[in-house]
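Grab a pencil and work through these exercises with the model open beside you. Try each task before you read its solution.

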Amino acid sequence: MRAHQILVLSVAVLISACVSLGPRSVVPYGDMSKISGVPVERLQRGHGIYLTQCGQCHELVKPEDLKVADWRLVMPGMCWNAGLAHADEALLLEYVLAAKSLDEGKKKALPNGRAL
Ligand code: HEC
C-alpha cells in the first residue's frame, strides 16, 4: 500500500469513528486525568489508538460496557488482533480504565446514581 492510500484510509477511519460516536465523543481529558492520575497526553494517545484500532472488526466496545477485570483479560488478545505494540497496549488500557473511572466517578457524584 502506498503512503497516500494509507493516509486516505486513516482519515476515513477517523471520520467514521467521529460520526458514529457523535457529540459524546468530546472527551473531558482533564477530569479523566485528575481521577485516574494518568497524564492528559497519555490519555489522548490511548484514545487515538482506541478510535483508530478498536472498531475495525466490530463496533467500538465502550469503556463502561465491561468490568475492569474483564478489560484486563480481554485487552492483550484484542491488541494482538490489532497488531499493536506493548507500549500502545499500555496506553490503551490506561485510557479505557480512566474513561471508566470517570464514568463511575460521575455516577457516584449524582445523588440518584444515574450516569450522565
Ligand atoms: C482483527 C479483528 C479485531 C480487532 C482489530 C479488535 N477486535 Fe475486539 N473482537 C474481535 C472478535 C472476533 C471478537 C469476538 C470473539 C472474541 O472474544 O475473541 C472481539 C471481541 C471483543 C470484545 C468483547 C469481549 C466480551 O466479552 O464482551 C471486546 C471488549 C473487544 N473485542 C475489544 C477490542 C478492543 C479494545 C480492540 C482494540 C485494541 C479490539 N477489540 C480490536 C476482533 C477484533
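**Exercise 1.** Which residues make up the largest nonpolar core?

*Solution.* Start with the ground rules. You're looking at a predicted model, where local features need pLDDT of at least 70 and side-chain atom pairs count only at pLDDT 80 or more, while totals for chains, interfaces and linings use all residues. Residues are numbered from 1 along each chain as its sequence is written.

Next, the terms. A residue is buried if 20 or more other C-beta atoms lie within 10 Å of its own, exposed if 12 or fewer, and partly exposed in between, with C-beta atoms placed from the backbone. A nonpolar core is a set of buried Ala, Val, Leu, Ile, Met, Phe, Trp, Tyr and Cys residues joined through C-beta atoms within 7 Å.

Now read off the answer: the core has 11 residues, namely Tyr-29, Met-32, Leu-43, Cys-79, Leu-91, Leu-92, Tyr-95, Val-96, Ala-98, Ala-99 and Leu-102. Helix 2 (29-36) and helix 5 (86-109) are the elements giving two or more residues each. Helix 5 has the largest share, with 7 residues. (Helices here are DSSP runs of H or I, at least four residues, and strands are runs of E, at least two, numbered from the N terminus.)

**Exercise 2.** Is Leu-92 buried or exposed? Then find its contacts.

*Solution.* First, locate Leu-92: it sits in helix 5. Count next: Leu-92 has 24 other C-beta atoms within 10 Å, so it is buried. Finally, skip its neighbours within four places in sequence, and Leu-92 is in contact (C-beta atoms, placed from the backbone, within 7 Å) with Gly-46, Ile-49, Tyr-50, Met-75 and Cys-79. Take Ile-49: it is 43 residues away along the chain, yet the two C-alpha atoms are separated by 6.6 Å.

**Exercise 3.** How many helices and strands does the protein have?

*Solution.* Count them up: 5 helices and 0 strands. From the N terminus, that reads α-α-α-α-α.

Key. Two residues are in contact if their C-beta atoms, placed from the backbone, lie within 7 Å.
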